[in-house]
Amino acid sequence: MEQYAIKGGNPLVGEVEIGGAKNAALPILAASVMTDDTVYIENMPDVRDTNVLLSAMSNIGVMVKREGRHSVIINASQISNLVVEDEHIKKIRASYYLIGALLGKYKHAEVALPGGCDIGCRAIDQHIKGFRALGAEVVIEHGLIKTNAEHLKGNHIYMDVVSVGATINVMMAAVLAEGATIIENAAKEPHVVDLANFLNSMGANIKGAGTDVIRIKGVSKLHGSEYAIIPDQIEAGTFMFAAAVTKGDVTVKNVIPKHLESITAKLLEIGCEVEEADDCVRVVASKPLIHTHVKTLPYPGFPTDMQPQITVALALSKGTSIVTESIFENRFKYVDELTRMGANIKVEGNTAIIDGIERYTGASISAPDLRAGAALVMAALAAEGFTTVDDIRYIERGYEDFHLKLQNLGAQIELVDTERELQKFKLKTG
Ligand code: UD1
């Protein structure tokens with residue numbers, strides 16, 4: 001079984017190039033089916049989630065042609081099937097973006113109910129409410145969400161919770177609805193804006209993405225486009241915090257510093273230096289880390305997808321820190337693994353109370369989900385001794401070449417598949 005073998009203790013030093021944002025790529029790829037013209041997407045991350053989505057699209061008759069590792073040509077003029085239920089698609093959350101996209105274009109879609117990371121109950125009531133408001137019938141049967149509409153008509157929709165997924169899904173369907181749609185209490189994440197920019201580049205008329213009111217004027221059809229996906233805010237933030245926990249000096253390149261403001265603010269609070277340039281940020285951690293408090297919030301607040309990474313840093317920070325998770329109710333499962341590495345963290349409901357320790361010690365641990373998996377690798381890089389991290393398929397869902405990028409920064413980390421390879425790594429790194 002593949003696992004990461006890690007010998008901790010090396011500060012991460014150097015430069016790392018950030019890829020395209022997974023959470024922007026997924027809706028953009030899904031939205032590419034909304035035109036019969038050809039779409040060319042660049043800066044696509046080569047990670048498991050995007051690959052699963054592309055193969056599901058291919059299975060319903062979409063022409064998907066890879067050009068190198070990070071570009072793809074998509075043509076959906078020959079879609080043969082509006083039922084998406086291959087065995088892999090259920091495993092990724094973003095499968096449901098095909099509902100909004102197909103419903104918008106064909107007024108009908110059936111897609112397997114989504115999975116994704118097990119970080120709490122992930123309701124889809126706001127997606128359903130939005131589709132119904134546009135005039136679609138929605139039923140859930142035999143594990144599929146089935147949507148159908150005679151025709152879609154714009155409407156005024158107030159989201160009861162701020163939801164990235166529901167905002168994106170309803171925005172896609174509304175683009176090809178008749179008349180105007182207003183989405184209030186919309187999510188403001190950079191990937192919502194990126195999708196809106198992409199749809200506008202295909203001829204859609206969307207205004208206000210990035211604010212909490214999105215106004216859409218329906219158009220009758222979309223045309224082809226060439227588009228480059230924005231850099232991944234969470235991959236960047238992960239490397240920024242990896243610099244902090246290993247007492248390193250890392251320049252994170254190909255980023256939009258504005259998208260990283262809440263992350264940068266917390267790094268400054270805990271005693272790191274952060275230098276920003278046009279498209280890169282440098283994080284230097286030369287002093288002991290200091291405690292702080294943080295609460296996850298929708299953008300521009302501190303991202304829930306960075307919660308495990310900041311917790312790993314705060315567990316090494318002097319004093320007591322409090323982390324409050326306000327988006328997902330079950331996102332502290334990794335704390336048990338961190339405790340096995342010596343962390344002193346007490347979880348009460350959606351709050352973690354952290355008493356800083358001097359150092360982690362290596363252990364055999366498992367990645368419980370995507371972001372927590374990356375955070376546990378960060379802890380291992382800072383730990384004394386060896387760590388093995390199992391279930392790395394979760395990490396591969398959202399980080400491209402994670403261990404190779406870390407190796408380039410001086411980390412002692414390898415992907416090993418057998419006991420023999422693990423022993424070899426131990427001998428080599430001593
Ligand atoms: C997306 C991201 C995920 C990130 C999350 C929050 C993708 C593929 N995933 O997930 O990485 O952690 O945003 O930034 O982009 N909710 C409802 N009803 C709904 C929809 C959501 O109650 O219909 C609740 C959820 O249970 C959760 C909160 O709203 O408590 C936020 O969820 P949402 O923003 O929808 O997250 P995802 O789009 O699933």
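A salt bridge here means a side-chain nitrogen of Lys or Arg within 4 Å of a carboxyl oxygen of Asp or Glu. This is a predicted model, in which local features need pLDDT of at least 70 and side-chain atom pairs count only at pLDDT 80 or more, while totals for chains, interfaces and linings use all residues. Residues are numbered from 1 along each chain as its sequence is written, and side-chain values use heavy atoms, with hydrogens and water left out.

**View 1. Asp 49 and Arg 397 in a salt bridge.** The side chains of this pair come to 2.8 Å, N to O. Zoom out to the whole structure and there are 22 salt bridges.

**View 2. Glu 396 paired with Arg 48.** Here's another salt bridge, with the closest N and O atoms 2.9 Å apart. It ties distant parts of the chain together: Glu 396 sits in helix α12 and Arg 48 in helix α2 (residues 48-59), 348 residues apart. Helices (H or I, at least four residues) and strands (E, at least two) are DSSP runs, numbered from the N terminus.

**View 3. Where domain 1 meets domain 2.** Domain 1 covers 3-18 + 231-429 and domain 2 covers 22-228, with bounds from an automatic or database domain assignment. Their C-alpha centres lie 31 Å apart. To the contact (heavy atoms within 4.5 Å), domain 1 brings 24 residues and domain 2 brings 21. About 2,000 Å² is buried between the two, with carbon and sulfur atoms giving 48% of that; buried area is the accessible area (1.4 Å probe) that two parts lose on being put together, summed over both. On the domain 1 side, Tyr 299, Arg 397 and Glu 400 lose the most area to domain 2, together 36% of what that side buries.

View 4. Seven residue pairs, both partners at pLDDT 80 or more, are in polar contact between domain 1 and domain 2. That term takes a pair of N or O atoms within 3.5 Å; within protein, one must be able to donate a hydrogen and the other to accept it, and residues adjacent in sequence count only if both atoms are side-chain atoms. On the side of domain 1 that touches domain 2, the elements giving two or more residues are α11 (370-382) and α12 (393-396).
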